[in-house]
Amino acid sequence: MIPHTPSETPPPNLSALAEDHYFSANPPPKDLEKHIALAKDFIDFHAAAGRRLVLVTSGGTTVPLEKQTVRFIDNFSAGTRGATSAEYFLEAGYAVLFLHRQFSLLPFSRHYSHATDCFLDFLREGPDGSVIARDEDAGKMLHVLRKYREARDKKMLLVLPFVSISDYLHELRSITRLMRPLGPKALLYLAAAVSDFFVPPERMSEHKIQSTDAADSVLQAKKKVAAATEEEETFDNFDSSPKVPRSKRLVVDLDPVPKFLKNLVEGWSPEGMIVSFKLETDPAILVHKARYSLDRYQHHLVIGNLLATRKWEVVFVSPGNPDKWIRVPRNKALTGASPSTASPALAAETQSDEPLDPKSLPEAEPDLEIESLIIPAVSELHTKYINSIEQRRQQKQLSV
Ligand code: 9Z3
């Protein structure tokens, strides 16, 4: 490597350049300013109270194929992890800013918004024509309702939506920058399933992509006019090879989304604790990929999970610590039982460093929500993080 001398131009900061390029090329969501005002008010209120505040990101991100979007690419995430985690963070005393994909699950209402748990099934008509909760559901509903109202009334929960990948990135950057006054009491819990690929605006069609040539004559005429006025739209998502009938195929050409975790760690939120999730489907690479992400971005915790087993186990990968698996006990015998009283095979499984075999899992959902184990463990690491930053501050003050 050739050392730089002071007379040389400093090397360009590539991540800052990529950031400038991305955010100037991709327009912000229309509600960004409104969201910033709401988020600022919320964050400042809790910063003044000296309270911990967590930004939970949740749900999938869409990848629009057209500027006036009819079609988009999406992913599987329903937002269960984020919405459930938000409830346990509130339980642990955090203020929660819940940045979620529009129409994905929300804290509290998630209990009644699944397709299988339609809220109407929980209601019945009273003798006077009023709508009331069914007797068998009323207890749980009241509990959930009270928790929800309490969070709202005490201003502990702010819910902000996004839709596309670029909306998400604009919102994330603006909100995390606002979180600076919280110092180390800020926690970023990035559970949203963020697309790795997108169509850059310069290659995106303005209008709905046509699947047949029925509108060709109109479009050709329009093109001629545009060419004459030098305003031709450049859009190359169609494969124009003569072998392939244009009316039959659509070739979508996606660019990689820049990795902004580095910018987040170094610039947007330099003092907050940052927790990212790593999702894989191949058990053989999960821990390796989680460790790789941690080394690359130098943040504080990666929670690894596999698509098939994500409600049963996750792995905590953090600097200087051995990997730590968190598992929902599969057998009532294991819940609350010491390993010596539980079956030796199941006890070994709970402590094993090997991912679970999805085929060995019951089809039903676990009795216990794994987030009830994840959040206390994250909160404990956050306490250690806050203390270490405080200690460093005190040592600095003493040495001045
Ligand atoms: C996760 O891994 C979440 O746990 C899930 C939750 C999306 C699996 P559901 O919403 O699922 O409860 O149905 N989130 C992060 C996924 C992600 O996009 N991570 C990036 C990656 O793996 C890194 S930031 O590369």
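How far is an oxygen atom of the ligand from a polar backbone atom of Arg-81?

**Entry 1: the model.** I noted that this is a predicted model, in which local features need pLDDT of at least 70 and side-chain atom pairs count only at pLDDT 80 or more, while totals for chains, interfaces and linings use all residues. Residues are numbered from 1 along each chain as its sequence is written, and side-chain values use heavy atoms, with hydrogens and water left out.

**Entry 2: the ligand.** I looked up the opening question and found a distance of 2.8 Å between an oxygen atom of the ligand and a polar backbone atom of Arg-81. For Thr-80, a polar backbone atom lies 3.3 Å from a ligand oxygen atom; for Ala-78, the corresponding value is 3.4 Å. A polar contact is a pair of N or O atoms within 3.5 Å. The ligand taken alone exposes 610 Å², of which the protein buries 88%; accessible areas come from the Shrake-Rupley method with a 1.4 Å probe.

**Entry 3: the whole chain.** I recorded 10 helices and 14 strands, which are DSSP runs (helices H or I, at least four residues; strands E, at least two) numbered from the N terminus. Of the 400 residues in the chain, 40% are buried. Buried means under 20% relative accessible area, exposed over 50%, and partly exposed in between, with a 1.4 Å probe and protein chains only. I then looked up contacts (heavy atoms within 4.5 Å). Among those between residues at least 6 apart in sequence, 74% join residues at least 24 apart.

**Entry 4: helix α1.** I checked the span of α1, residues 14–25: at 1.5 Å a residue its 12 residues should span 16 Å, and the end C-alpha atoms are 16 Å apart, which agrees. The expected span is 1.5 Å times one less than the number of residues. Which residues of α1 are buried? I found Glu-19, Tyr-22 and Phe-23. They cover an arc of only 90° around the axis, so they are on the same side of α1; the arc is that of the directions from the helix axis to the C-beta atoms. These buried residues pack against α5 (165–178), β9 (197–198) and α7 (261–268). The face turned away from the buried side carries the exposed residues Leu-14, His-21 and Ser-24.

**Entry 5: Ala-16.** I located Ala-16 in helix α1. Ala-16 is partly exposed, with a relative accessible area of 29%.

Terms used
Polar contact = N/O pair within 3.5 Å; in protein donor to acceptor, adjacent residues only side chain to side chain.
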